[in-house]
Amino acid sequence: MKPIALLATLLCCQSALAAPVPDFLDPDEINNATFTCLDAPAEYSPEAQPYVDQLWDETLKYLEAYAVALSSTDGNCRHSDLSMVETNTHDLKGPQYMCIMDQRDMQLMVKHIYAVINNPDKAKACFGAREDVDWIYSPGGELERRSPVAQWLNRTTFSEFFETKVTDPEVQAYGREFTKHFAKMVTGDDLVMPKAFPYDVSANALPNLWASVGWFPMYAEESQRNLRNFDKTRGSYAYAEVFGHWGLLRIEAINGEKVGAEVGMVAQRIDSFYPYHNHAISEIYYTIREPACADEFQNFAVRENSPLVKTLSETDTLREVEFDAGMDNEAMFWTSTSPHKDDLVYFHQNTIHAFNYNGADCHAKPEEKAIVTVWARSNAHDKRNDYGTTRLCESSERPDTPAMRGEAIRCDLTKTKY
């Protein structure tokens with residue numbers, strides 16, 4: 001594919017290059033922002049530059065829509081979307097919510113995104129296609145065939161990854177199936193944006209970004225942590241980072257203020273269970289696939305200060321806790337998500353959470369379906385709190401095995417520093 005073939009697509013994306021500054025932000029600070037990059041600016045040949053430009057334009061569109069969604073009035077909050085933060089409480093008051101922009105980390109993330117989209121030429125110095133990174137991958141298949149940018153990048157594909165980097169035969173088998181159907185998992189008519197989004201940012205609308213961003217099947221390779229995971233989940237999950245320390249747009253600071261945002265996307269096939277886990281960094285998800293069944297996509301979230309979370313032991317850095325997932329009313333701690341109801345969830349630091357994806361009985365071809373989310377973490381710059389680690393919980397009765405619904409589970413929570 002010649003670079004000139006990108007011209008029509010490039011023209012369609014120029015609207016993302018500026019956005020009105022919301023009145024809760026200081027326009028002087030936004031419009032005159034200065035950027036400190038994590039790396040020296042990447043340089044590309046004249047032949048390669050159109051591909052990088054296309055990837056950059058779709059990145060800007062993705063980020064702009066995300067910032068607008070988080071900070072627009074939804075009828076419940078002013079200048080904010082409403083987010084679930086806990087799926088139930090110890091006294092069974094039901095799901096708990098907050099206006100997500102009440103959180104300082106969210107305010108900073110939205111401010112930094114607006115600085116990027118209103119200073120695209122300056123911010124672009126911190127952007128690169130990351131073609132030299134050998135641990136992020138292309139889904140390959142139809143998604144890559146639809147994207148001239150992905151074809152130019154020519155990343156190692158999921159197929160190659162699962163054949164050469166994964167040793168467990170069960171995980172390999174699930175990975176092959178995940179790879180085979182990945183394009184159908186992240187496209188189609190049932191990809192639906194929540195009403196807070198001003199336009200579509202799915203792979204239907206931004207095919208080059210979704211094909212080229214660089215995906216990471218985080219749990220597929222062997223590790224001590226994965227003793228606490230399920231083979232099906234390990235082979236059926238991947239995430240990608242658009243903006244952040246590991247992503248395409250890598251900014252250390254804006255106006256001297258550290259950037260903690262990590263913004264991207266996640267896909268995990270249905271009929272799989274993401275086990276109970278936690279991390280010392282806040283995390284949010286927007287659901288953008290329409291479920292076919294009422295309880296197809298279920299979330300679980302209990303905050304670390306819940307009376308149901310019992311402390312077993314402590315060190316200076318960790319708190320070992322136990323939660324009884326076998327209690328009589330355990331089912332009441334799971335809530336369904338869709339693009340139309342409880343589409344946004346915010347997990348505070350150390351929230352114990354899990355995802356139960358059903359739907360095998362309500363799809364003609366369930367192997368082609370996945371939960372798809374717009375994902376972010378917000379305070380990744382604070383390295384004191386081990387921002388990069390996702391800690392999987394374990395069975396209390398069977399240590400170093402996956403924690404199951406219906407039994408007591410044990411988790412290590414990071415003792416966060418301020």
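**Close-up views of a predicted model**

Figure 1. T317 is found in the loop that runs between β12 (310-314) and β13 (318-324). The model shown here and in the following views is predicted. With a relative accessibility of 46%, T317 counts as partly exposed. When its neighbours within four places in sequence are set aside, T317 is in contact with L413, T414 and K415.

Figure 2. D39 has its place in the loop between β1 and α3. Its relative accessibility is 40%, so D39 is classed as partly exposed. Apart from neighbours within four places in sequence, the residues in contact with D39 are R130 and R250. S159 lies 120 residues from D39 along the chain, and the C-alpha atoms of D39 and S159 are separated by 30 Å.

**Figure 3. The open sheet of three strands.** The strands of this open sheet follow the order β1-β6-β7 and pair in the antiparallel sense. β1 (35-37) and β7 (257-258) each have a single partner strand and stand at the edges, so one side of each is left without a neighbour in the sheet. Strand β6 comprises residues 251-254 and is joined to β7 by two bridges, in antiparallel pairing. Which residue of β7 is the bridge partner of I254? The partner of I254 in this pairing is E257. In general, strands of a sheet pair through backbone hydrogen bonds, in either a parallel or an antiparallel arrangement.

**Figure 4. The open sheet of five strands.** Five strands form an open sheet in the order β14-β11-β16-β9-β18, again with antiparallel pairing. The edges are taken by β14 (334-336) and β18 (391-392); each has a single partner strand, so one side of each is left without a neighbour in the sheet. Strands β9 (residues 272-278) and β16 (residues 352-357) run antiparallel and are joined by four bridges. Within this pairing, N356 of β16 is the bridge partner of F273.

**Figure 5. The disulfide of C37 and C126.** The structure holds four disulfides. Counting the bonded cysteines along the chain, the disulfides follow the pattern 1-4, 2-3, 5-6, 7-8. The disulfide shown here joins C37 to C126, with an S to S distance of 2.0 Å. The value about the S-S bond is -80°, and the link of C37 and C126 is left-handed. C37 lies in strand β1, whereas C126 lies in the loop between α5 (120-123) and α6 (141-145), so the pair ties together parts that are 89 residues apart in sequence. How accessible are the two cysteines, C37 and C126? C37 is partly exposed, with a relative accessible area of 23%, while C126 is buried, with a relative accessible area of 7%.

**Figure 6. The disulfide of C77 and C99.** C77 and C99 are joined by a disulfide, S to S 2.1 Å. The torsion about the S-S bond of C77 and C99 is about -85°, so this disulfide is left-handed. C77 is placed in the loop between α3 (49-71) and β2 (82-86), and C99 in strand β3 (residues 96-99), so the pair ties together parts that are 22 residues apart in sequence. Both C77 and C99 are buried.

**Figure 7. The disulfide of C393 and C411.** The sulfur atoms of C393 and C411 are 2.0 Å apart and form a disulfide. Is the link of C393 and C411 left-handed or right-handed? With 110° about the S-S bond, the link is right-handed. C393 lies in the loop between β18 and β19 (394-395) and C411 in strand β20 (residues 408-414), so the pair ties together parts that are 18 residues apart in sequence. C393 and C411 are buried.

Figure 8. Of the 23 residues of α3, 21 are buried, so the helix is largely enclosed by the rest of the structure. At 1.5 Å a residue, the 23 residues of α3 should span 33 Å, and the end C-alpha atoms of α3 are 33 Å apart, which agrees.

Terms used: Residues are numbered from 1 along each chain as its sequence is written. This is a predicted model: local features need pLDDT of at least 70, side-chain atom pairs count only at pLDDT 80 or more; totals for chains, interfaces and linings use all residues. Side-chain values use heavy atoms; hydrogens and water are left out. Two strands pair if DSSP finds at least two bridges between them. A disulfide is a pair of cysteine sulfur atoms within 2.5 Å. Buried means under 20% relative accessible area, exposed over 50%, partly exposed in between (1.4 Å probe, protein chains only). The expected span of a helix is 1.5 Å times one less than its number of residues. Contact means heavy atoms within 4.5 Å.
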